[in-house]
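Here is a short report for a first look. Start with the sequence and the structure below.

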Amino acid sequence: MSARIKSVREALHLSQREFGEKLGVSRDVISNIEYGRVKPKDLLLHHMCQLYKINEHWLQTGEGEMFNDNLEESRKLDEAVKIFKTLRPEFQDYALQQIKNLAELQDKC
């Protein structure tokens, strides 16, 4: 399992520090897990799967797909939300309206 956790982190292009921070643990904890010195607690594994949309069955067994969702689609959504949050309220309203307009246009095609 330690190799699969490392594979997930690398697939997400995160350092051990970044990966651990989002989970509420230190870089050392992630390092110890990845090198097999520490077995991760079930609660941490469950949180990891929820946060990073990891297929829990794959994480436990290595069978199936690594992620539950399309990783590229998730990255795009995360990026859009991050940008949206930085906008002033009036620009958020405008951006939301433009997205709605695009959705309507797409439905017509």
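## Overall build

The protein chain has 7 helices and 0 strands. Helices (H or I, at least four residues) and strands (E, at least two) are DSSP runs, numbered from the N terminus. This is a predicted model: local features need pLDDT of at least 70, side-chain atom pairs count only at pLDDT 80 or more, and totals for chains, interfaces and linings use all residues. Residues are numbered from 1 along each chain as its sequence is written, and side-chain values use heavy atoms, with hydrogens and water left out.

The C-alpha atoms of the protein chain fill a box of roughly 55 × 30 × 20 Å along the principal axes. Of the 109 residues, 25% are buried (under 20% relative accessible area, with a 1.4 Å probe and protein chains only).

## Where H2 meets H3

Helix H2 spans residues 16-23 and helix H3 residues 27-34. Their axes, lines fitted to C-alpha atoms over the stretch in contact, come within 8 Å and cross at roughly 110°. Angles run from 0 to 180 degrees between N-to-C directions. H2 and H3 are therefore roughly perpendicular (65 to 115 degrees).

Gln16, Arg17, Phe19, Gly20 and Leu23 of H2 make the contact with Arg27, Ile30, Ser31 and Glu34 of H3. Contact means heavy atoms within 4.5 Å.

## The buried side of H3

Ile30, Ser31, Ile33 and Glu34 of H3 are buried. They cover an arc of only 165° around the axis, so they lie on the same side of H3. The arc is that of the directions from the helix axis to the C-beta atoms. The buried residues of H3 pack against helix H1 (2-11), H2 and helix H4 (42-52).

Just after H3, Gly36 takes a positive phi of about 75°.

Key:
Angles under 35 degrees count as roughly parallel, over 145 as roughly antiparallel, 65 to 115 as roughly perpendicular and the rest as oblique. Buried means under 20% relative accessible area, exposed over 50%, partly exposed in between (1.4 Å probe, protein chains only).
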